[in-house]
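Please open the model in a viewer and keep the selection tool at hand.

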Amino acid sequence: MSQEKKYGLIAEFETPGAVMHAAEKVRDEGFKHWDVITPFPVHGMDQAMGLNRSRVPLFTLVGGAIGFFGGMLMIWYMNAYDYPIVVGGKPMFSPMYAFPVSYELTILLAAFGTIIGMFLLNRLPMHYHPAMKHEAVARASDDRFYIIIESTDPRFEVKTATTMLKEIGGQNVTQLED
Amino acid sequence: MSTSGTKENRSDDTRKAAGEGFAFKALLIGGAGLLLTLLGLLVGDSPRVGLGTLIGLTFWLSIGLGMWFLIMLFHLFDAGWSTVVRRPMEHATTIFPWIGAVFFVLLFFSLFASVDDGIWKWMNEDNTVIVAGETATVEEDVLYHHKSAYLNNAFFFLRTLLYFGIFIGVATILRSASFRQDGDGDGAWTTVCRKWSAAGIILGGLAATFASLDWIMSLEFHWFSTIFGVWFFSGAMRAALAATVIVCLLLVYVGSFRGVFKQSHLYEIGRVSLAFTIFWAYIAFSQYFLIWNANIPEVTYWYVNREYGNWWWVGLALLFCHFFVPFLFLLFYQNKIRPGRMLFISIWILAFHLLDLYFNILPAKHAESGWPYYSFGVSFWDVTAFVGIGGICVWAFVKSYLSQKPIPIRDPRILESLNHHE
């Protein structure tokens, strides 16, 4: 084995059921930095991996709030403060007429917040991932399922992790180059 | 095997007997409520009792209509998740004939009421209206004469017949096709439903729109809003979704939906409910905003009336409690998957849907003294009408429910619905 730093371990599974039960065991072992690669979405995998719900909605909410209040503030500043104009005998500022624009800005910035949040939380754009070096991983888009445990995990130790992956049914357990 | 079979049959029988007992009680309460309301129409402040009855009628009808629209949407989009929840909605559409019967009693009352006692002012030429700030009769009202080609007693009567004909006709076809599929399992019934839904969604959209214009908007026939029908539709959808949650959770409690109606179904209804909460706000605000912006006295008076006295607080309650509270509540995932929380917000939405109907219906009529029109308040006759019509609706629902399978067991999409996953 070479001395250079390894990214982690990869193990292959043949069925969605097998990889799901294996994931439950990895979760119960207390690993944090690990992932499952499947050719299609497997229902119940989030629970099997012990994942919490995505935090993207938080970004959406913040984006939406900025859009709404930013829109109101902008219209108040332009129409009632910086350059007041009377239009149709209406008040200089009213949330009534400011509402449609603020609403549109809410939607726009909520969408921006969602996209930005998704990119940040997924650490995108990611042009390279060590799993790409693994020859068999092309099959992860076809008929094979993989579990990767990263060496950065505090509980990671090559020998024990390898034994564990084999015990839970993993085949071709190999190390991933970084 | 055989003993467990009879045991199950027996528990089914007791369950059915309990259901029939419940339906009978609902029928008794409903009948008593309706008789009391009729008494109120004869001896009480009859326009006020009539408006209260109209509020009760539109409340229960809007639930049925919303569910009917949902059934047609499910068929048209070939929805997979919803097959399980479609069945209780089908039972709910059995209320239409009964609502129609009560509606015609109210209509006859208003047609033959003495001067100023009916609820639709334009129905009697001697009724009092305010024209340009002055008291006048309908006969003297030039605005009425321009609208009389549409707003006259005979045409109104025929249109009401037509609306109920469409509601009852299409709903009955869809319901019986679905029930018959339980028996023979023929996939062709699904096609029948889809075709009728395509026609029904257009007929129903037009019928519900014009019905709301005729029954609610024409209460103040000087006023007009082109978005009014959409307001009624959006409210009906919200009420229907809320009622669906309550009914499905009750069926889980009773037993027939246990293990069938799952978290994922509740979540889907919660999401649609959130969408229609925003839609309702969008429509209600658009109506207010356009009238506010155009600032034409012909139409602004409708909102000016509704800023008077305690209606001001009702308006604010609608804004904050019928929109903001459900909106913020339904944004959160956990609130959409926990049955208790969904039950809470569904009852909340139904309560404020009722308030929304009060806001749109009750200030229509000029009271005799003091106030220019009825202030907000719940009268005894409102309660009798609400409970009376509600009792009949519950009875019709339970009767249909007991006669059929709890879910459409041979629908082509039933497995997809049972296995539905977020």
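The tour visits the boundary between two chains and then a single residue. This is a predicted model, in which local features need pLDDT of at least 70, side-chain atom pairs count only at pLDDT 80 or more, and totals for chains, interfaces and linings use all residues. Residues are numbered from 1 along each chain as its sequence is written, chains are lettered from A and ligands numbered from 1 in the order in which they are written, and side-chain values use heavy atoms, with hydrogens and water left out.

**The boundary**

Select chain A and chain B together: 12 residues of chain A are in contact (heavy atoms within 4.5 Å) with 12 residues of chain B. The two chains bury about 1,100 Å² between them, 76% of it on carbon and sulfur atoms; buried area is the accessible area (1.4 Å probe) that two parts lose on being put together, summed over both.

Next, select Arg53(A), Lys90(A) and Met96(A), which supply 48% of the area that chain A buries against chain B, more than any other three residues. Helix H4 of chain A (residues 95–121) gives the most to this side, with five residues; a helix is a DSSP run of H or I, at least four residues, numbered from the N terminus.

**A residue in chain B**

Now select Thr384(B), found in helix H14 (residues 380–403) of chain B. A polar atom of its side chain lies 2.8 Å from the backbone oxygen of Trp381(B). Beyond neighbours within four places in sequence, Thr384(B) is in contact with Gly33(B), Leu34(B), Leu36(B) and Thr37(B).

Definitions and conventions:
Helix = DSSP H or I, 4+ residues; strand = E, 2+ residues; numbered from the N terminus. Polar contact = N/O pair within 3.5 Å; in protein donor to acceptor, adjacent residues only side chain to side chain.
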